[in-house]
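Student: I have a chain open on my screen and want to know what backs each label. Can we go through it step by step?

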Amino acid sequence: MPDMDEQGRPEPPLAADETSTLLGFLEFHRATLTWKCAGLDAGGLGTTVGTSSMTLGGMLKHLAFVEDYWCSRWLHGRDPEPPWDTVDWKADPDWDWHSAAEDTPEQLHTLWQDTVARSRSLVAQALADGGLERLARRTWPDGRAPSLRWILVHLVEEYARHNGHADLLRESLDGRTGE
């Protein structure tokens, strides 16, 4: 069991193999998002800062989409599942962000938690089927496919970037700060 910090987040391993290190940082960033969104009602999850339309609720839904997009659609080549399967992304490329205002905090947390659980399982399957070098089933138009390693690093980057936004949003709500 990993060491936990004062916010209950798993500390990434200090000396481990590449897979454990990547997954350790991804779990740390997932737990950071959980911490930043904890205990907020719909008003809190819908708060913005300055001129930005970004909200913590939108961030939960967006990161659920990102998890599903990379781990299910790209890595395993699966068709989109609800709620992503009926979205007209051309009409609203930021639907995941915008539509979160229509969802309850419970719906947003459940969507994100269920998607993360599915992603964990799909990543474990891919690790057992080729490790970090395993290529995604989907490809770019030129035929290249990202590896599982690339997908995991991209997920870490996505969470790290948005957790910085989450810091600002949460501080504006109730003064709660911390990495």
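Student: Where does S52 lie?

Tutor: This is a predicted model, so keep that in mind throughout. S52 lies in the loop between α2 (42–45) and α3 (56–76).

Student: Why is S52 called partly exposed?

Tutor: Its relative accessibility is 34%. Buried means under 20%, and exposed means over 50%. S52 falls in between, so it counts as partly exposed.

Student: What lies 3.0 Å from a polar atom of the side chain of S52?

Tutor: The backbone nitrogen of M54 does. The cut-off for a polar contact is 3.5 Å.

Student: Now S119. Where is its place?

Tutor: S119 sits in helix α5, which covers residues 105–128.

Student: How do you know that S119 is buried?

Tutor: The relative accessible area of S119 is 2%. The limit for buried is under 20%, so S119 is buried.

Student: Which side chain makes a polar contact with the side chain of S119?

Tutor: That of E67, at 2.9 Å. The cut-off is 3.5 Å, so the pair qualifies.

Student: Which residues does S119 touch, leaving aside those up to four places away in sequence?

Tutor: R30, E67, D68 and C71. Touching here means heavy atoms within 4.5 Å.

Student: What makes the peptide bond from P82 to P83 worth a look?

Tutor: That bond is cis, with omega near 5°. Most peptide bonds are trans. P83 has its place in the loop between α3 and α4 (95–99).

Student: Let's step back to the whole chain. How many helices and strands are there?

Tutor: Six helices and zero strands. From the N terminus on, the order reads α-α-α-α-α-α.

Student: Why is the chain called as compact as a globular protein of that length?

Tutor: Its radius of gyration is 17 Å. The globule rule gives 16 Å for 179 residues. The two values are close, so the chain is as compact as a globular protein of that length. The C-alpha trace spans about 45 × 45 × 25 Å along its principal axes.

Student: What share of the residues is buried?

Tutor: Buried residues make up 42% of the 179.

Student: And what share of contacts between residues at least 6 apart in sequence joins residues at least 24 apart?

Tutor: That share is 68%.

Student: What about the surface and the charges?

Tutor: The accessible surface comes to about 9,200 Å², and 53% of that belongs to carbon and sulfur atoms. The chain has 17 positive and 30 negative charges, and their mean positions are 5 Å apart.

Definitions and conventions
Residues are numbered from 1 along each chain as its sequence is written. This is a predicted model: local features need pLDDT of at least 70, side-chain atom pairs count only at pLDDT 80 or more; totals for chains, interfaces and linings use all residues. Side-chain values use heavy atoms; hydrogens and water are left out. Helices (H or I, at least four residues) and strands (E, at least two) are DSSP runs, numbered from the N terminus. The radius of gyration is taken over C-alpha atoms; the globule rule is 2.2 Å times the number of residues to the power 0.38. Buried means under 20% relative accessible area, exposed over 50%, partly exposed in between (1.4 Å probe, protein chains only). Accessible areas come from the Shrake-Rupley method with a 1.4 Å probe; for residues, only the protein chains shown count as cover. Lys and Arg count as positive and Asp and Glu as negative; His and the chain ends are not counted. The place of a charge is taken as NZ of Lys, CZ of Arg, CG of Asp or CD of Glu. A polar contact is a pair of N or O atoms within 3.5 Å; within protein, one must be able to donate a hydrogen and the other to accept it, and residues adjacent in sequence count only if both atoms are side-chain atoms.
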